[in-house]
Amino acid sequence: MMQIEEWVEGAATAVILGHTHPDGDCVGSCLGLRSYLRAVKPELRVQVYLEPFAEEFHFLAGADTVSADFHEKKRFDICFALDCSDRERLGDAAGYLDAAERTVCLDHHITNEGFADVNVICSQASSTSEVLAELMEPARIDRATAECLYLGIVHDTSVFKHSNTSEKTMRIAGALLSKGVSSSHIIDDTFYRKTFGQNRILGCALLAAELRLEGRLIASCVTGEDLARCGVTNRDLDGIIDQLRVTEGVEVAVFLYEAGPGMFKVSLRSNDLADVSRIARSFGGGGHVKAAGCTVSGTREEILERVTALAAEQLRQEPSERGGRPDGAGNEREKNGRNTCYK
């Protein structure tokens, strides 16, 4: 398949965007696409725009060229929006999307309704990096591109353990490894290894955790004061929600961190019986059946009470009432002639 090559045909400039607070899949997919475009069309001028991201991702090819400064007068022939469920999550960079002559959205979030000219939304894919790998010509994927995509898959599957890990995911990961990628380096150095500060804030979150709904929901919150005391930023909070999720007896995990006065970022995870994307949508957020998030104003207790009530409603429902199988199977869709999901 040559979809990517067809999209950039005739273009002289391209910009690649990811969501605010970029995670491993966002960074991996954006830099992976950059690397691939530079290989297949060297004359194309490609710029990646992302907010500052974790230091452990900086070894990826092209990380040192990423721009975090939006310039509203810049125009690009084509704009790629990756791993982003809606236009708003692009932040200031949405201006590049609005000004581009052509726009393409590549994503795997079930809540994505399609906001570009072309929308490839595969909700059964483990990650946007997996979606990209299927759109690339295998022979043209070099080691640099493979490293980026493998990292993205590793992070969005939590090292192949989440239910979004399919047989296809493993085949694609294996093909990427065949390009010379060091699996142990990526898994150990970018996923498991933590700084002292990251371990401190994890301990802080665990000490603050509480059980609700007779032990079926676990919730925790860290404040700006906690972050300062531990010497970390919001970029050091990865992994906390997943540690909460694996608590025995828990079906839903909720993690809040203070993003500003009266404003909290909320991460949601489920194990088997809840669709947390519906909870996130209630607050204007989005995500997947088992992993979602949103930004909510209010006090910690107000937000937790509202989330707890919605989670309780989810846990009372039958799977059919929640909108289908809890694992999200069957959610791939072709929304219209411009929105396709390649298998």
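This is a predicted model: local features need pLDDT of at least 70, side-chain atom pairs count only at pLDDT 80 or more; totals for chains, interfaces and linings use all residues.
Reader: How do you know that the span of H5 agrees with its 14 residues?

Author: H5 runs over residues 143–156. At 1.5 Å a residue it should span 20 Å. Its end C-alpha atoms are 20 Å apart, so the two values agree.

Reader: What makes phi of Phe160 worth a remark?

Author: Most residues other than glycine have a negative phi. Phe160 is not a glycine, yet its phi is positive, near 65°. Phe160 sits in the loop between H5 and H6.

Reader: Which value does phi of Glu214 take, and where is Glu214 found?

Author: Phi of Glu214 is positive, about 55°, although Glu214 is not a glycine. The residue belongs to the loop between strand S6 (210–212) and strand S7 (217–222).

Reader: Is Glu214 buried or exposed, and how do you know?

Author: Exposed means over 50% relative accessible area. Glu214 has 84%, so it is exposed.

Reader: What makes Asp64 exposed?

Author: Its relative accessible area is 73%. The cut-off is over 50%, so Asp64 is exposed. Asp64 lies in the loop between strand S2 (45–49) and strand S3 (78–82). Lys179 is 115 residues from Asp64 along the chain, and their C-alpha atoms are separated by 22 Å.

Reader: How many helices and strands does the protein have?

Author: Twelve helices and twelve strands.

Reader: Why is the protein called as compact as a globular protein of that length?

Author: The globule rule gives 20 Å for 343 residues. The radius of gyration is 19 Å, close to that value, so the protein is as compact as a globular protein of that length. Along its principal axes, the C-alpha trace spans about 60 × 45 × 40 Å.

Reader: What share of the 343 residues is buried?

Author: Buried residues make up 53%. Among contacts with a separation of 6 or more, 67% join residues 24 or more positions apart.

Reader: How far apart are the mean positions of the positive and negative charges?

Author: They are 1 Å apart, for 38 positive and 52 negative charges.

Methods:
Residues are numbered from 1 along each chain as its sequence is written. Side-chain values use heavy atoms; hydrogens and water are left out. Helices (H or I, at least four residues) and strands (E, at least two) are DSSP runs, numbered from the N terminus. The radius of gyration is taken over C-alpha atoms; the globule rule is 2.2 Å times the number of residues to the power 0.38. Buried means under 20% relative accessible area, exposed over 50%, partly exposed in between (1.4 Å probe, protein chains only). Contact means heavy atoms within 4.5 Å. Lys and Arg count as positive and Asp and Glu as negative; His and the chain ends are not counted. The place of a charge is taken as NZ of Lys, CZ of Arg, CG of Asp or CD of Glu. The expected span of a helix is 1.5 Å times one less than its number of residues.
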